[in-house]
Amino acid sequence: MLTGPGALSVVSVPEPSCGPGDVLVRMRGTGLCGSDLAVYAGRRPAPYLPWILGHEGTGRIVAVGAEVGGLRAGQDVVIEPDYCCLACAACLAGRTSACDSRAAVGLTVPGLLSEYVVVPATFAWPVPPGLPPEDLVCVEPGTVARAAMRRSGIAPGQSCLVSGAGSQGLLLCQALVEHGVAVFVQEPNQARLARACALGAAPLLPGRDRLPYFFETSGAPGVVEQGLRRLARHGTAVLIGMNTDPLGVSPRDVVAGQITLIGSMVYDHPGDFAGTVAALGPGTKTRLGAVVSDNYPLEDAQAAFVAASSASGKVWIDLS
Ligand SMILES: [Zn+2]
Ligand SMILES: [Zn+2]
């Protein structure tokens, strides 16, 4: 549990009780990403302290509620950690990411960095048995990447700039390369850049022509403005990384450049998660875990959070 900015401790809490529409999951692993680090560091306040962090999780069902059909104890699952209401106008229109009452696990409701968690059954996705936990902890951030790619409308054979090769940038590079897109990446950390290139992306060289698509994953200051200057006329920019700075472009830049600007918030239930889970199945070449660089046991969670901000790839915590 987070007890204050940058301070974690392992705490015993009562085992959560499984409601009629829930499943109880014994967690196997939880991945760390930028939004977890922001809560850990106090840049994004936790709703209260002490707080259970984490939203990228996988585990095994140990109990199912009385009203749950189609899931059973013993199944391995990944958790879709954005519990939308499924009843409002946005949800009914399929835009569940815009649900006003969406609960964001680890950010607005307690997280997954825990031995046991209770999950509404609709948001627990069974996965084929025997997959490595490195792949499974990447399903959630991988779905964020794939939803951004889907919303962009980019087609095989096209090219793009990806800014940032942290774990989200790496998963996006992987998804775009698999989709048949030529990916050019901009990343100051040489180890991360090398990892992106190993996944099939190429470094963005000075003098390269403007590109028709731009994906921003880092949230670093000033990078949106830089990326928009590399965007071809009539191009599409997709923002995933967040900060609170003004964009640094004028309406004239947008109008004269005929730019489409897309803010890509998480993913929409159920299609986006279903797509990533289906891509894990037998006969596919998707190895989401290729973006993982390190894992730590629960007792070293503090070290994991410290390492995650500069690691060359995704860091996850082993809860086995
Ligand atoms: Zn995340
Ligand atoms: Zn809703």
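Mentor: Fine. Keep in mind that this is a predicted model. The open sheet has 6 strands in the order S12-S11-S10-S13-S14-S15, and the pairing is parallel.

Trainee: Which strands stand at the edges?

Mentor: Strand S12 (202-203) and strand S15 (260-263). Each has a single partner strand, so one side of each is left without a neighbour in the sheet.

Trainee: And which helix packs on the sheet?

Mentor: Helix H5, residues 167-178. Helix H5 touches S10, S13 and strand S11 (182-186), and its direction makes about 170° with that of S10.

Trainee: OK, helices. At what angle do H4 and H5 pack?

Mentor: About 55°, with the axes of H4 (residues 139-152) and H5 8 Å apart. That angle makes H4 oblique to H5.

Trainee: Is the crossing of H4 and H5 left-handed or right-handed?

Mentor: Right-handed.

Trainee: Which residues make the contact?

Mentor: From H4, they are Pro-141, Gly-142, Val-144, Ala-145, Arg-146 and Met-149. From H5, they are Gln-168, Leu-171, Leu-172, Gln-174, Ala-175, Leu-176 and Glu-178. By class, the H4 and H5 contact has 8 nonpolar, 3 polar and 2 charged residues.

Trainee: Switching to another pair: how do H1 and H10 pack?

Mentor: Helix H1 (residues 34-41) and helix H10 (residues 301-308) pack at about 115°, and their axes are 10 Å apart. H1 is therefore roughly perpendicular to H10. The crossing of H1 and H10 is left-handed.

Trainee: What residues are in that contact?

Mentor: Asp-36, Leu-37 and Tyr-40 of H1, with Gln-302, Phe-305, Val-306 and Ala-308 of H10. The contact of H1 with H10 divides into 5 nonpolar, 1 polar and 1 charged.

Trainee: Last thing. What domain does UniProt list for residues 4-317?

Mentor: The unreviewed UniProt entry gives "domain: Enoyl reductase (ER)" for residues 4-317. In the model, that span is 26% helix and 25% strand.

Trainee: How far apart are its end C-alpha atoms?

Mentor: The end C-alpha atoms of residues 4-317 lie 20 Å apart.

Key. Residues are numbered from 1 along each chain as its sequence is written. Chains are lettered from A and ligands numbered from 1 in the order in which they are written. This is a predicted model: local features need pLDDT of at least 70, side-chain atom pairs count only at pLDDT 80 or more; totals for chains, interfaces and linings use all residues. Side-chain values use heavy atoms; hydrogens and water are left out. Two strands pair if DSSP finds at least two bridges between them. Helices (H or I, at least four residues) and strands (E, at least two) are DSSP runs, numbered from the N terminus. Contact means heavy atoms within 4.5 Å. Axes are lines fitted to C-alpha atoms, for helices over the stretch in contact, and angles run from 0 to 180 degrees between N-to-C directions. Angles under 35 degrees count as roughly parallel, over 145 as roughly antiparallel, 65 to 115 as roughly perpendicular and the rest as oblique. A crossing is left-handed if the near helix is turned anticlockwise from the far one by less than a right angle, and right-handed if clockwise. Ala, Val, Leu, Ile, Met, Phe, Trp, Tyr, Cys and Pro count as nonpolar, Asp, Glu, Lys and Arg as charged, and the others, Gly among them, as polar. UniProt positions are given in the numbering used here, feature names are shortened, and annotations may be inferred rather than shown by experiment.
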